[in-house]
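Subject: Structure for you to look at

Hello,

Here is the structure I said I would pass on. My notes on what was found in it follow below.

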Amino acid sequence: MDNVREFLDTSPNEVPVRGFLHSPATPGGDCLVLTHGAGSSCNSPLLVSLADAFCASGLIVLRCDLPFRQLRPTGPPQRGSAERDQQGLRAATASMRRLTSGRIFLGGHSYGGRQGSMLSAAEPGLVDRLLLLSYPLHPPLRRDELRTGHFPKLQTPALFVHGNGDGFGSIDEMTAALKLILARTELLSVTGAGHELMTKRNRDELPTIVVDAFRLFAYGVV
């Protein structure tokens, strides 16, 4: 597509940022940094579809590979990579602040969203809103291993988008967990979806549903 180009930022003292930049024909000035889960990359169908939809709505979108994915094309993050992956997201937001004077939103699927939320909890004010897709509340079948330790420190408003068949956390479990967050949150349930979120049945309408919900959450209008 003419409005999508490869993006690479190797600024000194920062983790390299690599991905694709979606530029709207009439940009509003705000930007969404969007990243992937542990088993995929910034080229996942979910991220590409969402980036196109958000770009069509007027947002600049950077869909980027986390540092662990830049090191190897396949496989999950290695143990101990979370800190560098968060540094990668911090570098991505810095890249976008050099590109635009608007607000910066940070979004991610599963592992990517978790790292974004942990970074935001540690650095309040780094971004303006969070878009957390299929937040991995706990490993499948291990409900007592909750990944919510940073939730009480999170001050950034966050929209959670979650499939009602997600094995990493049920809608009821997510609803209970979000009560730990003092910042404004909303939970958008996607019927018939699992952890992958986008299915053959919903792939045409899901991007629009997510964009409309996030625009309402961030701006108060669709």
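Two residues are said to be in contact when heavy atoms of theirs lie within 4.5 Å. On that basis, and setting aside neighbours within four places in sequence, F160 is in contact with L132, Y135, F151, M174, L178, I181, T185, E186, L187 and L188. Please keep in mind throughout that this is a predicted model.

The cores

F160 belongs to the largest nonpolar core, which has 34 residues. Together with L62 and M96, F160 is among those with the most contacts inside that core. Which element gives the most to this core? Helix α3 does, with 4 residues. There is also a second, separate core of 29 residues, and L59, V161, A213 and F214 are included in it. As background, nonpolar side chains tend to be buried together in soluble globular proteins.

The sheet

The strands form an open sheet of 8, with mixed pairing, in the order β1-β2-β4-β3-β5-β6-β7-β8. β1 (4-9) and β8 (185-190) each have a single partner strand, so they stand at the edges and one side of each is left without a neighbour in the sheet. From one strand to the next, the twist averages 20°.

Strand β3 (residues 31-35) is mostly covered, with 5 of its 5 residues buried. C31, V33 and T35 are on one side of β3, while L32 and L34 are on the other, and both faces are covered. β3 runs parallel to strand β4 (residues 60-65), and 5 bridges join the two. Along this pair, L32 stands opposite V61, and the bridge partner of V33 is L62. L62 is the residue already listed for its contacts in the largest core.

The helices

Two helices lie across parts of the sheet. Helix α3 lies across β1, β2 (17-22), β3, β4 and β5, and runs at about 45° to β2. Helix α6 (residues 206-219) lies across β5, β6, β7 and β8, and its angle to β6 is about 150°.

Helix α3 (residues 82-99) also packs against helix α4 (residues 111-122), at an angle of about 75° and with the axes 9 Å apart. Angles of 65 to 115 degrees count as roughly perpendicular, and α3 and α4 are therefore roughly perpendicular to each other. On the α3 side the contact is made by A82, D85, Q86, L89 and R90, and on the α4 side by Y111, G112, Q115, G116, M118 and L119. Sorted by class, this contact has 5 nonpolar, 4 polar and 2 charged residues.

Two residues with positive phi

S110 lies in the loop between β5 (104-109) and α4. Its phi is near 50°, a positive value in a residue other than glycine. L141, in the loop between β6 (129-133) and β7 (158-163), is also a residue other than glycine with a positive phi, near 70°.

Is each of them buried or exposed? Buried means under 20% relative accessible area and exposed means over 50%. S110, with a relative accessible area of 10%, is therefore buried, whereas L141 is exposed, at 86%. Leaving aside neighbours within four places in sequence, S110 is in contact with G37, L133, S134, P136 and H195.

Regards

How values were computed:
Residues numbered from 1 in each chain as written. Predicted model: local features only at pLDDT ≥ 70, side-chain atom pairs only at ≥ 80, totals over all residues. Heavy atoms only, no water. Axes fitted to C-alpha atoms, helices over the stretch in contact; angles between N-to-C directions. Parallel < 35°, antiparallel > 145°, perpendicular 65-115°, else oblique. Nonpolar A, V, L, I, M, F, W, Y, C, P; charged D, E, K, R; others polar. Core = buried A, V, L, I, M, F, W, Y, C linked by side-chain atoms within 4.5 Å. Buried < 20%, exposed > 50% of the residue type's maximum accessible area, 1.4 Å probe, protein only. Pairing = 2+ DSSP bridges.
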